[in-house]
Amino acid sequence: KVLNHQEAIFELSYTEHEYVTDLCTIRDHMMKPLHNSDLLPAQNRNRFIASVFKNLLALLATNSEFDVDLQRRQKESMIVDRVGDVVLRHVENFECYIEYGANKIFSKHFLEQEQQRNPRFLQFLEEFARMPEVRKLNIESFLFKPCQRIMHYPLLLHKVLKHTPEGHPDRELIPKAVDKINDICSRMNIETGVASNRLNLMKISELLECKPSEKTDLDLDNDARQLIKSGKMKKRSGVETAEIMVFLFDHMLMMCRIKRGRGNEVSEYRLYKRLIPLQMLAVSSPDGLGSTRVRTNVRRNSFSDLGSASQSMATLVASPTGTAVAPSSTSVSASNTLSVAPLAAGIADGKLGAAPAAPAELDIPGGTGKYVYPITFTHLSRNGGSYTMYMDKLSDRTAWFQMIETQQAKLIERDRRFELIPIATSFPASVKINCSAVFDRGRCVVLGTDQGVYVGIAHKPRSFQLLKTLKHDRIHQIEVIERHNCLLLLADKERTLYSYPLDVLAIARAGDQNTFKPKKLQRNVSFFRYGVCMNSDMLCSVKSKNIPQATTIKVYHPMSMYEVPSRKGFGGLLRNRESISGDIWRSFRDCYIGAEATSLHFLKSKLCIGCNRGFEVIDLATLNPQTLLDPVDESLQFVLKRDNVRPISFFRVQEGEYLLCYDEFAFYVNRNGQRARPNWIIHWEGEPTA
């Protein structure tokens with residue numbers, strides 16, 4: 001028992017001494033000659049030595065002290081009583097192995113790179129391998145020794161512990177040391193994975209040929225960037241096939257043509273198609289054996305189905321801010337967010353994302369077999385498309401589906417700002433929801449549909465009912481103004497703007513079968529907006545016509561005698577029927593612009609109109625329109641000279657600056673209409689409409 005214990009301690013001691021000797025060999029016969037000679041270009045010498053050997057000298061210093069203490073303990077007595085205290089004391093300094101171990105793949109990469117381009121360096125390595133001290137080992141073997149040593153310590157220490165008697169101090173000290181070493185090894189493995197990912201990204205960046213803007217979008221130098229998966233696929237063009245390298249990053253999918261050089265090595269990657277952000281990627285298999293659904297950047301709570309399983313259902317959702325949204329109303333927002341409903345409609349119509357017919361199997365000349373497993377990547381953007389590649393293994397294709405869907409889910413969770421909560425699920429597909437509004441602090445919801453007005457309570461799906469007393473063919477737009485006890489509807493084929501008292505919702509819901517006569521404000525209205533301008537509430541009714549292109553804007557003020565405090569719930573809205581009136585709006589101004597208006601925004605004392613000429617501003621005091629953008633500003637010529645860009649929205653972002661959003665791009669201007677932040681612009685990947 002004692003003999004085995006001494007042999008285990010001796011093995012730890014003499015292998016440590018051999019290991020330190022090998023580290024000295026690297027220092028004396030590799031690092032010093034490289035530093036003191038002209039084998040390496042002077043401008044790259046120090047960087048190369050640092051990249052290949054990293055903190056090897058720190059390891060040498062740490063383990064030299066460990067070796068000295070082990071040798072001293074050996075010399076103290078013919079029988080070494082314990083060694084755990086020495087090990088535990090020096091293990092505290094082994095953190096340096098994490099940095100060295102993580103760098104080993106970079107070390108190997110730079111060594112191979114220098115050997116390929118520097119014949120003198122290659123000859124130097126061959127001479128190094130013939131030295132007696134080296135024992136016919138190459139430089140890679142020596143550089144890997146620290147990683148082997150740190151992982152070998154637990155085995156050596158367990159052997160010592162195995163032959164240590166019960167009650168011995170090492171019974172407590174050695175397990176502590178082993179735990180610390182295992183923790184260091186675990187962290188080293190994690191950092192090695194990070195370094196491996198960084199090296200792969202560096203290699204891709206070196207081989208990639210693309211536009212500077214595309215490299216900016218890829219951002220491969222970002223420490224947080226990850227390469228999730230990569231692999232070769234085949235594409236078919238007529239009777240010919242080509243090899244395509246596909247890279248899945250944590251934020252993008254990239255497809256590249258492969259250019260090979262000497263020795264059939266990859267010498268260049270060239271973009272085959274545009275980069276595809278994962279938020280705008282749909283993946284399918286034309287043979288129907290797998291697919292991934294398009295995900296939105298919101299998380300939904302599940303509700304049980306309330307109707308028949310065979311009944312087609314449409315779902316209304318609401319955000320926590322109290323704004324109800326019908327999913328079928330908007331396909332892409334100005335924030336580049338996709339909703340599912342329009343995409344599903346596109347698939348049903350055979351348009352975007354529709355699965356093509358299953359292709360015939362593809363036999364690759366010179367390949368190992370037939371490429372019979374197609375995968376289609378669909379780029380959901382204005383300039384996107386669908387690209388079908390072929391793979392030779394079903395398991396590989398399944399892995400691509402899973403990894404893409406997993407990464408998309410991570411992005412959704414990372415970027416999630418809103419949570420969509422179903423508030424009504426019992427609407428047949430025949431009831432098209434065009435618009436919605438909330439009141440009573442978001443607890444009550446009113447819906448505008450092609451069949452009329454529905455009203456109900458949020459989170460109570462069965463509470464919604466059609467108000468038959470409000471007889472309208474179609475509701476295009478709806479607004480609830482609790483401050484003035486007013487319900488505004490843009491309805492019917494004539495697109496008439498109606499003003500109802502808000503009380504009609506509660507009265508009609510209570511079962512009153514009498515119809516209500518609203519106040520008709522204007523006919524043939526394109527849209528209306530309610531807001532604050534000139535320190536006063538305003539209602540703007542926008543009436544546009546195409547031939548000739550012109551827009552009239554009627555501005556209304558509410559009568560102050562009708563300003564009433566908001567009431568809670570349907571019960572609080574009940575009033576005497578005789579007191580109900582929707583006639584609270586009085587004409588204030590009539591404005592005119594010689595263009596078709598598509599949006600309207602309220603400033604402090606002016607109206608900003610989005611039209612086919614761009615953004616125009618109307619001063620309500622003078623009624624004179626003028627263009628928002630300064631025509632003299634040369635940096636705005638990219639938009640001033642364009643006739644086919646449509647203004648969408650307008651945001652005040654900070655004092656003196658505004659964000660102008662068009663259907664193709666967005667940029668900042670100052671209060672004088674001149675370009676602010678001239679080097680900053682957004683180009684939309686999708687096709688925003690609002």
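A nonpolar core is a set of buried Ala, Val, Leu, Ile, Met, Phe, Trp, Tyr and Cys residues joined through side-chain atoms within 4.5 Å. The exercises below concern a predicted model.

**Exercise 1.** Determine how many residues the largest nonpolar core has, and which of them have the most contacts inside it.

*Solution.* Step 1: the largest nonpolar core has 56 residues. Step 2: M30, L34, F53 and L143 are those with the most contacts inside this core. Step 3: at least two residues of the core come from each of helix 1 (2–36), helix 2 (42–53), helix 3 (56–76), helix 4 (84–91), helix 5 (96–102), helix 7 (119–129), helix 8 (139–162) and helix 9. Step 4: another core, of 21 residues, lies apart from it, and A437, F439, I475 and L502 are among its members.

**Exercise 2.** State which residues L143 touches, not counting residues up to four places away in sequence.

*Solution.* Contact requires heavy atoms within 4.5 Å. With residues up to four places away in sequence not counted, L143 touches I26, V52, F53, L56, Y100, S107 and L111.

**Exercise 3.** Describe the second largest pocket by its volume and its lining.

*Solution.* Step 1: the volume of the second largest pocket is about 710 Å³. Step 2: 20 residues line this pocket, and H109, K203, L207, E265 and V266 are the closest to its centre. Step 3: two or more lining residues come from each of helix 6 (104–117), helix 9 (170–207), strand 2 (227–237), strand 3 (240–249) and strand 5 (266–271). Step 4: by class, the lining has nine nonpolar, six polar and five charged residues.

Methods. Residues are numbered from 1 along each chain as its sequence is written. This is a predicted model: local features need pLDDT of at least 70, side-chain atom pairs count only at pLDDT 80 or more; totals for chains, interfaces and linings use all residues. Side-chain values use heavy atoms; hydrogens and water are left out. On a 1 Å grid over the protein atoms alone, a cavity is a set of points where a 1.4 Å probe fits but cannot get out, and a pocket is an open set with protein on both sides within 12 Å along at least five of seven lines; lining residues have an atom within 4 Å of a point. Grid points are joined across faces, edges and corners, and a volume is the space filled by probe spheres set on the points. Helices (H or I, at least four residues) and strands (E, at least two) are DSSP runs, numbered from the N terminus. Ala, Val, Leu, Ile, Met, Phe, Trp, Tyr, Cys and Pro count as nonpolar, Asp, Glu, Lys and Arg as charged, and the others, Gly among them, as polar. Buried means under 20% relative accessible area, exposed over 50%, partly exposed in between (1.4 Å probe, protein chains only).
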